[in-house]
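Biologist: I have this one open on my screen and would like to go through it with you. Could you start with any term I need, and then take me through the fold?

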Amino acid sequence: MQEFLVELTTTVPEGTDQAEVDRRRAAEAVRAKELAATGHLFRLWRPVGELRSLGIWRATDEAELHEKVLGGLPLRPWMTAVVTPLESHPNDPGSRAEAGA
């Protein structure tokens, strides 16, 4: 699978009932666990003091990432996503460790 750096910013529409926000956030947590179990969500961070997340996500290609992976997130209708496709760097310490160097 290809890896992507994804920045997600969630903006709840004004006037949205808090019960709906809570329901979607709970469903989002469940879906994130499912995506992690299938290898689509590799890592996820939240910058200190901000309401956005940065993550390493995996998919066959960018179309699958948007349609099947991110598209199935319960909060997706309220999210903006900035997607950056990634490729291995020759100086990545992780790739050397995997090669036994």
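This is a predicted model: local features need pLDDT of at least 70, side-chain atom pairs count only at pLDDT 80 or more; totals for chains, interfaces and linings use all residues.

Biologist: Fine. What lies between E2 and E3 in the hairpin, and which residue in the turn has a positive phi?

Modeller: Six residues lie between E2 and E3 in that hairpin, and Gly49, which sits in the turn, has a positive phi of about 75°. The two strands run antiparallel and are joined by four bridges, and Leu41 is found opposite Trp57 in E3.

Biologist: In what order do the strands of the sheet come?

Modeller: The order is E2-E3-E1-E4, in an open sheet of four strands with antiparallel pairing. Strand E2 (41-45) and strand E4 (79-85) are the edge strands, each pairing on one side only. On average, neighbouring strands are turned by 20° against each other, if direction is ignored.

Biologist: And how many bridges join E1 to E3?

Modeller: Eight bridges hold strand E1 (residues 2-10) to strand E3 (residues 52-59), and these two run antiparallel. Along that pairing, Glu7 faces Leu54 in E3, while Thr9 has Arg52 in E3 opposite.

Biologist: Which helix packs on the sheet, then?

Modeller: Helix H2 (residues 62-69) does, touching E1, E3 and E4, and its direction makes about 115° with that of E3.

Biologist: Changing topic: is His40 buried or exposed?

Modeller: His40 is buried, because its relative accessible area is 15% and the cut-off for buried is under 20%. His40 belongs to the loop between helix H1 (18-37) and E2.

Biologist: What does His40 touch?

Modeller: Leaving out residues up to four places away in sequence, His40 touches Met1, Leu35, Ile56, Trp57, Arg58, Ala59, Glu64 and Val69. One of these, Trp57, is the residue in E3 that stands opposite Leu41.

Biologist: Last topic, pockets: what volume does the largest pocket have, and which residues are closest to its centre?

Modeller: Its volume is about 430 Å³. The lining has 16 residues, and the closest to the centre are Thr10, Glu28, Arg46, Leu75 and Met79.

Biologist: Which elements give two or more residues to that lining, and what sort of residues are they?

Modeller: E1, H1 and E3 each give two or more, with H1 giving the most, at four residues. By type, the lining of the largest pocket consists of ten nonpolar, two polar and four charged residues.

Technical notes: Residues are numbered from 1 along each chain as its sequence is written. Side-chain values use heavy atoms; hydrogens and water are left out. Two strands pair if DSSP finds at least two bridges between them. Axes are lines fitted to C-alpha atoms, for helices over the stretch in contact, and angles run from 0 to 180 degrees between N-to-C directions. Contact means heavy atoms within 4.5 Å. Buried means under 20% relative accessible area, exposed over 50%, partly exposed in between (1.4 Å probe, protein chains only). On a 1 Å grid over the protein atoms alone, a cavity is a set of points where a 1.4 Å probe fits but cannot get out, and a pocket is an open set with protein on both sides within 12 Å along at least five of seven lines; lining residues have an atom within 4 Å of a point. Grid points are joined across faces, edges and corners, and a volume is the space filled by probe spheres set on the points. Ala, Val, Leu, Ile, Met, Phe, Trp, Tyr, Cys and Pro count as nonpolar, Asp, Glu, Lys and Arg as charged, and the others, Gly among them, as polar.
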